[in-house]
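Here's a quick tour for anyone meeting this structure for the first time. Take a look at the sequence and the model, then read on.

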Amino acid sequence: MNGTNGATKKKVAVVGSGVAGLAASWHVAVNNQDGHQVQLFEAEDRLGGHAYTINVAGVDVDIGFMVFNNDNYPNMVRWFEALEVQQEESDMSLSVSLDHGKTVEWSSDGVNGLLAKRSQAVSPEFYSFVKDMIRFNEEARKLLQLPTDDPRRGVTIGQYLRDHNYTEAFCSYYLFPMVAAIWSSSIEDVLKFPAEPLISFFCNHKMLQTFDRPQWNTVSGRSKSYTLKLKELLGDKAKVSTPILSAKKQSDGKFELFTTGDASVGIFDEVIFACHPPTAAKILEGNQDDTVVTGQLVDSLSKIEYADNAVYIHSDPKLMPKRRRAWASWNCIGDSDLLSVHKMKAPKEAEAMEGGGSGFGNKMEKPTQNGFSNGHHQNGHSNGHSNGHHTNGHTANGHHANGHSQPQLEGKDGRMKAVYVTYWLNRLQNLETDKEIFVSLNPHEKPDPALTYRKEILAHPQFNAETMVARQTINEKYQGRNGLWFCGAWAGHGFHEDGCRSGFDVATRLTKTPLPWCTSNEDKAVMVIPEPDLSKATKMSGITAAVSRAYQTLTKTQFEAQRWLHRIVRGWVSMPFRKASHHRQSFRPMVLREGCLEYDLGLARSYMAGHFVVEPPSDPEMYDPAIYTKGDRNETTRAIGDPLGLLRFFLLVIANRDSAGATHIPRKSLKGQSYADAISNASGLIISRVGSLFNYLRYKIVMDNSERGGSLKNIHAHYDLSNDLFTTFLDKETLMYSSAIYDAVKAPAGRPGLVFRDSLEQAQWRKLDTLLARAQIERGQTVLDIGFGWGGLSIHAAKKYGCNVTGITLSVEQKALAEERVKKEGLGHLISFEVVDYRVFARRKENQGRFDRILCCEMIEAVGHDHLPEYFWAVEQLLNRDGILVMEAITTPEERYETYRHSTDFINTIIFPGGCCPSLHALVDAAYKSSALTLEHIDNIGLHYAKTLSDWRKRFNAQEKVVRRLGFDDIFLRVWNYYMVYCEAGFLTQTENCLILVFARSGCTALAPLSEARSVTQDVPLTDSEVENWLQDGV
Ligand SMILES: Cc1cc2nc3c(=O)[nH]c(=O)nc-3n(C[C@H](O)[C@H](O)[C@H](O)COP(=O)(O)OP(=O)(O)OC[C@H]3O[C@@H](n4cnc5c(N)ncnc54)[C@H](O)[C@@H]3O)c2cc1C
């Protein structure tokens, strides 16, 4: 029988009556003019699937589909117009509350909401989240502008965040909760989301406009007002309580469908599967052959994974943010520990994602023999097909679950490991009731039973790289083939418009009739959401721009205020203040003001500006021997004063600072209160703390160690100053810019530390040999030198052991000189250098597992605390199974690390921007969290570093003329003296340490000889006369 289009009238079955099934059925039933007949089968006793309205406490509420907007739901909105379904405004405010509001609590409801927890106004983490939120909203769209074949488009969101160095605060306070809330996913699954569709979704939904979001709406009278209209319209064309359990292919290619008890419900020319794809796979499973239902189709369908969500409808406010002013329509409630653990694990997951083999995919069980997934309840049917939403023991239509174990969804062990969402329906759906009505998905704790109305299970599609491939296979190879069609929200981003559009899409293709709102002269049958306008990629609008501007102004104001104060004070004290004290410090009181304002940095700035210098002591006897070594030679120059005086000054400051710990006795010069005391006391002033806090905030905002930009900029700021400058003070033979190892013995009684002999050159050769010995280096091995400096270590490894060395750096200047040196040595065939970030290098397939040894001499300080896990991840990628990492690292003692990490100092602000000397524990912890590497051996060479710095300083100052000829001025000379002396004082007092660390995977056989070395006990200290002889011998 032919219709008006000349088409044969077809019998069409639709399986499932969610929005996709309803849309497809409506189009076939109402719009086709060819007389096709449609029959809809629904497992539940109602139509609608996730369009699910229930009555609690006397009001109708939606517990699945709740909100939409006119821009992103073009087909659904037109359909609602055709059905005369009314809509009203909703509210899409969002809040995040971590650790019961202790860590963070904010909502998108203006400044009051943003600072719902008032102390956030002074929290650096909070500001870094706001800053990153603004950055993400500007930056993310750029991914969509990359060429389609650019590999960066294919990364996961976890990788994207790492690549762009988004802070933990941004991930935990914003992105993860938001994504987890929108897609009802665990954080693990969020990390595996492909970045491109996620960003495209954000862009499409105008979510990359921080505050200026589109108006969201909800269905007036709740979503039942449209499902009931369709029920009426479809009449007996829609059969409820009729689950389709299997399909049998007929010899003529048609399909016979069966429900409970193997009862046939009819034979159909075309079948539209609008149930979840794994259910479709199960229904089709028995028909597999090579022509109609191939194994690949069934396999692809079952790979479109769904995650069950436990949905509680309740009135218990304990599942809402703690502070009422933070209550929003969507409330993401979480646990920061779990969020950060997930972030730490990210590199490994990325490896699994991008490396292949080990695979991804979440932990949902695959369909079982007699049931589709153990996360689903059976609804009274013998072979237990899931329909994606069931009540706790009782389905909506009163069926009992038939013995399948209850899914373990809730709590921290369930799917929603770190964040759950509570919808505040009163606000979201304009409820007219005094009762608060909440819907919580997979909450960490159950609501009070007395306040709980109901519990349901609803499943939501999950997106990862595997499901994306499966989806493409279904669409490209199987859609409409042999009379089988597949639709549902899974075909898009998982939302109502996606379900609606995909239902319409298959129905318009099947009937060859466009939707009524798509005019015949358009070449599409279904409306598509217009592509986002990427030309606005870098423009900020509305409040976003205002917030960003306000933030910048605040920082600028702080600078201005300081400058202003400086001017006033200078007016008062214009005369240089000079006091003949026993220190004979040439001193201006300005230094006190700077110290008060910014402490460490203030002092440095004062010295740089020439506000004070320290002159040599008139009477060395007056000094505590701990800070004055007899026989120190006078190194005073006009520009810098006496560097040794400066050293003593630092030793005093450190000693006084440490005296606050009560275990140390404060050290002073023998003559009473010194200026050093005054300065160190000033650090205790509130004003100095505020100044330090501002410096820290500024540092957190300005510094970044990202692979694109930040690290490169930081390295450039120090190492690319000028090769000629560094050669003024480094030893000419090795050009090593790191601690040497001198021949040393314990100092005689009454003197602290060690006494040294050897020239700097000899000591640097010893250091190179020590590093290679610790690496158990063998002839011909493949070695990676991360941060190779001017090539000293690489050249030594190639020359002495014939190793094949690859060096990577971010310093163009260093590479140029290092390559010259390699050429001079004739080692070009063994050594190659490259300017590349370690993360980029590690991601290259050809480098994975390539190296026998990795050497990394004082480069870890440039990595940054937040990036340590990435560093170890990268090393592990690069090392082969029996590989060894030898690292020389400047470290901060544990007891000071947390304070250090949350503050700034002269070094990481002025000398090595963005630098961070990690603690030993931070290193080991990062290695443990993101790799299988363990710490095998430690040498502490901190005191040798003090001696190295002293040698460098002497050489540097002896070359003052050369340095000036290179274009450096008084200020520069003071900065570098201050830097070297500051570090020398740090190493002398062990406020800083320098460690040689050996890492390997457990069971590394190459390490055996080192184990023996470790058991060697230390020599008995020499007597005073033996020390004298030893020193004489060395001369
Ligand atoms: C808690 C929650 C809130 C949400 N809120 C929103 C929102 O506000 N806005 C939005 O756009 N999206 C929202 N969504 C997403 C929502 O899931 C989709 O919008 C959409 O409703 C899914 O439609 P669907 O047709 O693909 O699947 P479903 O609605 O799941 O429909 C599948 C249907 O197939 C039936 N079925 C299953 N097996 C069989 C069988 N063997 N035989 C016959 N019938 C069968 C099921 O009973 C069901 O009715 C939300 C989701 C959840 C879980």
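Let's start with one residue and who it touches. Setting aside neighbours within four places in sequence, Lys-767 is in contact with Met-736, Ser-738, Ser-739, Ala-740, Ile-741, Cys-857 and Glu-888. Keep in mind that this is a predicted model.

**More on Lys-767**

- You'll find Lys-767 in helix α26, which covers residues 760-774.
- Is Lys-767 buried or exposed? Its relative accessibility is 0%, and since buried means under 20%, Lys-767 counts as buried.
- Glu-888, one of the residues Lys-767 touches, also has a polar contact with it: the two side chains are joined at 3.1 Å.

**The chain as a whole**

- The chain has 38 helices and 31 strands.
- Of its 1035 residues, 59% are buried, and Lys-767 is also buried.
- Take the contacts in the chain with a separation of 6 or more: 75% of them are between residues 24 or more positions apart.

**Helices α30 and α33**

- Helix α30 (residues 868-878) packs against helix α33 (residues 920-930) at an angle of about 55°, and their axes are 8 Å apart.
- The crossing of α30 past α33 is right-handed.
- On the α30 side, the contact is made by Leu-868, Pro-869, Phe-872, Trp-873 and Glu-876. On the α33 side, Ala-922, Leu-923, Ala-926, Ala-927 and Ser-930 take part.
- Sorted by class, this contact of α30 with α33 has 8 nonpolar residues, 1 polar and 1 charged.

**Helices α1 and α17**

- Here the partners are helix α1 (residues 19-31) and helix α17 (residues 496-511), whose axes come within 7 Å and cross at roughly 35°.
- α1 passes α17 in a right-handed crossing.
- From α1, the contact draws on Val-19, Ala-20, Ala-23, Ala-24, Trp-26, His-27 and Val-28. From α17 come His-496, Gly-499, Cys-500, Ser-502, Gly-503, Phe-504, Ala-507, Thr-508 and Thr-511.
- How do the residues in the contact of α1 with α17 divide by class? There are 9 nonpolar and 7 polar ones, with no charged residues.

Definitions and conventions: Residues are numbered from 1 along each chain as its sequence is written. This is a predicted model: local features need pLDDT of at least 70, side-chain atom pairs count only at pLDDT 80 or more; totals for chains, interfaces and linings use all residues. Side-chain values use heavy atoms; hydrogens and water are left out. Helices (H or I, at least four residues) and strands (E, at least two) are DSSP runs, numbered from the N terminus. Buried means under 20% relative accessible area, exposed over 50%, partly exposed in between (1.4 Å probe, protein chains only). A polar contact is a pair of N or O atoms within 3.5 Å; within protein, one must be able to donate a hydrogen and the other to accept it, and residues adjacent in sequence count only if both atoms are side-chain atoms. Contact means heavy atoms within 4.5 Å. Axes are lines fitted to C-alpha atoms, for helices over the stretch in contact, and angles run from 0 to 180 degrees between N-to-C directions. A crossing is left-handed if the near helix is turned anticlockwise from the far one by less than a right angle, and right-handed if clockwise. Ala, Val, Leu, Ile, Met, Phe, Trp, Tyr, Cys and Pro count as nonpolar, Asp, Glu, Lys and Arg as charged, and the others, Gly among them, as polar.
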